[in-house]
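Here are a few friendly notes to read alongside the model. Have the viewer open as you go through the points.

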Number of protein chains: 2
Amino acid sequence: MARFKSQELRSLVSRLAIADGVSADDAEVFARVLVDADLQGVSTHGVSRLNIYLQRIEKGLIDPKATLGVDRDGGSVLALDAGNGLGQVQAMKALDMLTPLAKQNGIAAATIRNSQHFGALSYYCNRAAEQDMILLAMTNCEPAMSPAGGFQPFFGTNPIAASFPTGKGYSVKIDMATSIIARGNIIVAQKKGQSIPEGWALDPNGEPTTDASQALLGTVLTMAGHKGYALALMIEVLSSVLSGAAIGPEIGSMYKNMDRKQDVGHFFCLLNIAAFLDVADFKRRMDETIDSIKSSKRRPGVDEILIPGERSSRKAAENEAAGIVIPDVTAAELKDLCTRLNVPFDWAEVGN
Amino acid sequence: MARFKSQELRSLVSRLAIADGVSADDAEVFARVLVDADLQGVSTHGVSRLNIYLQRIEKGLIDPKATLGVDRDGGSVLALDAGNGLGQVQAMKALDMLTPLAKQNGIAAATIRNSQHFGALSYYCNRAAEQDMILLAMTNCEPAMSPAGGFQPFFGTNPIAASFPTGKGYSVKIDMATSIIARGNIIVAQKKGQSIPEGWALDPNGEPTTDASQALLGTVLTMAGHKGYALALMIEVLSSVLSGAAIGPEIGSMYKNMDRKQDVGHFFCLLNIAAFLDVADFKRRMDETIDSIKSSKRRPGVDEILIPGERSSRKAAENEAAGIVIPDVTAAELKDLCTRLNVPFDWAEVGN
């Protein structure tokens with residue numbers, strides 16, 4: 001485990017993507033999205049995923065040169081076809097297309113079909129917030145959770161996200177899966193030989209389990225029972241039923257299905273704050289809300305009430321200054337990729 | 001407890017509202033929204049609330065003749081001022097204003113400030129679904145829940161809702177508060193002298209409690225811990241920070257604060273399905289999704305996997321045919337209102 005500078009990581013990711021046929025411009029966007037997740041401390045959506053994206057490109061399951069197609073273009077709405085390209089690249093193109101529409105009409109929305117796992121939603125939301133806009137973003141994902149009463153994976157962990165600009169030096173960032181817990185936590189428990197709390201997962205027979213191995217063979221539970229089911233369904237409809245992407249169990253698994261594309265669907269709704277009220281007023285009201293929340297009474301033993309986005313913003317500043325911690329297994333994977341794709345591995349550790 | 005015909009209930013509610021100064025047209029809308037909640041089995045948002053709405057009108061805390069003001073009108077966005085009128089009436093007017101905008105531009109959104117508790121969000125969402133549109137609706141409410149780590153009521157139970165048209169004879173209806181449980185369940189437990197499960201509420205000192213009375217003096221917990229907090233905050237920002245309505249604890253309580261207005265804020269985002277894909281395709285894909293969910297493997301002891309909206313749609317059909325069950329306490333309240341406002345109480349029970 002060592003720390004690496006963010007710009008070196010970005011440069012490496014970009015060069016590896018270019019080596020697999022991605023254009024220089026697209027590779028730059030792709031690298032930014034991945035490394036931003038590492039900066040924010042969400043390493044599950046960062047460079048640890050580079051290997052699988054590139055493998056899928058090499059197997060013809062992701063088109064590194066895909067353009068973003070427009071199925072329908074009506075008023076302030078776009079129905080887009082990602083052409084099975086890199087989700088990160090197509091999502092940023094979609095956001096760029098929505099921005100002038102939202103500036104003109106106050107609001108704009110896009111569905112994106114035929115896409116992939118595209119990393120952390122909050123990346124796109126934060127970019128919108130920097131432009132004094134609010135992006136409400138949703139996506140479906142490969143099946144992991146069942147409807148309430150069932151035990152067959154149907155929904156992905158279908159996340160919903162939005163970011164809001166403030167005058168505090170960071171955006172309030174909502175970004176949450178609709179599962180009770182990230183599957184990654186169950187994998188960690190299994191690796192450590194630990195049990196998991198009841199209420200996290202069902203075994204392959206549909207019975208509650210505290211055995212991490214059984215849980216990984218079964219289904220993760222939705223957050224808050226039937227409420228999580230309802231929310232996951234809402235996200236599935238907006239991301240997939242409305243977009244024309246694969247629905248529920250039809251979505252390909254990024255790791256397991258190395259023989260077919262994913263066909264993930266996304267939903268973006270972009271609001272121009274200035275169409276509703278003055279941006280300065282909005283930020284002042286956000287800051288007052290933050291101050292009011294942070295100064296409210298704390299439960300015994302709680303030192304500070306955190307605002308969603310506050311912790312990851314501190315983490316990003318820390319990682320930008322001190323370098324990003326890359327676990328040995330990911331560093332080794334990156335080194336292997338460099339060897340295989342004939343890309344120089346010339347970056348230096350910045351210390352532990 | 002007896003059953004009453006929905007049209008008689010609507011007529012009664014309407015006449016009582018008119019007696020308190022609401023126009024005939026507005027009273028009709030108001031009655032439709034209230035009685036629809038009773039039809040769907042959500043009696044907490046039905047005629048049981050009539051008494052408090054009328055009391056607040058009589059005390060000058062709700063303006064029965066308010067018009068819907070437009071603060072900003074830009075492209076496909078409206079920033080609206082409910083003028084402290086009845087929330088139900090103003091929300092339907094807002095939906096009517098958004099509909100042609102969404103037809104023209106594919107999407108339209110409105111914020112509504114200076115409003116009240118306006119009943120079940122799903123009423124408005126279902127009306128949109130009947131027009132082959134998707135209404136994503138949110139509202140804040142009087143303080144009940146604290147941010148994660150706190151124990152001072154800040155957020156309301158801030159619900160989010162959306163309905164989706166299908167070919168199945170009912171709309172898929174998502175309508176959920178972001179609290180772990182409706183406060184009503186705690187009130188019921190208190191009345192029955194029962195304890196509540198751990199994880200529902202904190203006592204006035206911020207400690208977890210299973211004592212219903214202590215819970216009612218304290219705060220209800222958000223669903224799924226910090227995720228519910230994040231979602232409640234997102235809904236607060238879109239409904240209130242963006243609209244100019246009161247934020248968090250500044251919102252007046254409908255029952256406790258009989259000396260000031262509520263100033264609730266709502267957020268509506270209306271999507272025209274036809275702008276994204278053919279409506280027939282959308283409904284076919286919805287139906288396939290429903291069939292796939294309903295036929296997925298059921299957990300031991302589960303007879304049927306329900307789709308959100310399925311149960312309340314069955315309940316509404318049953319109540320439309322057999323009459324709506326009105327508890328004695330609500331019937332007595334309606335009778336008292338009739339006496340006080342000099343409205344004939346001439347409706348007949350349809351049997352038990």
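1. A disulfide here is a pair of cysteine sulfur atoms within 2.5 Å. With that cut-off, a search of the whole structure finds zero disulfides over all chains. Please keep in mind that this is a predicted model, in which local features need pLDDT of at least 70, side-chain atom pairs count only at pLDDT 80 or more, and totals for chains, interfaces and linings use all residues. Residues are numbered from 1 along each chain as its sequence is written, chains are lettered from A and ligands numbered from 1 in the order in which they are written, and side-chain values use heavy atoms, with hydrogens and water left out.

2. How far is the sulfur of B:Cys141 from the closest cysteine sulfur? The closest one belongs to B:Cys125, at 14 Å, which is too far for a bond. B:Cys141 counts as buried, at 15% relative accessibility (buried is under 20% relative accessible area, exposed over 50%, partly exposed in between, using a 1.4 Å probe and protein chains only). A:Cys338 is buried too, with a relative accessible area of 3%.

3. In chain A, look for an open sheet of seven strands in the order 2-3-4-11-5-6-7, with mixed pairing. Strand 2 (69–74) and strand 7 (172–176) of chain A stand at the edges with a single partner strand each, so one side of each has no neighbour in the sheet. From one strand to the next, the twist averages 10 degrees. Strands (E, at least two residues) and helices (H or I, at least four) are DSSP runs numbered from the N terminus, and two strands pair if DSSP finds at least two bridges between them.

4. A:Val70 has A:Leu80 in strand 3 of chain A as its bridge partner.

5. Chain B has an open sheet of three strands, ordered 9-8-10, with antiparallel pairing. Its edge strands, strand 9 (208–209) and strand 10 (219–220) of chain B, each pair on one side only. Strand 8 (residues 201–202) of chain B meets strand 9 of chain B over two bridges, and B:Ala201 has B:Thr209 as its bridge partner.

6. Finally, the helices: the axes of helix 4 (residues 87–105) and helix 5 (residues 121–130) of chain B come within 11 Å and cross at roughly 25 degrees. That makes helix 4 of chain B roughly parallel to helix 5 of chain B (angles under 35 degrees count as roughly parallel, over 145 as roughly antiparallel, 65 to 115 as roughly perpendicular and the rest as oblique; axes are lines fitted to C-alpha atoms, for helices over the stretch in contact, with angles from 0 to 180 degrees between N-to-C directions).
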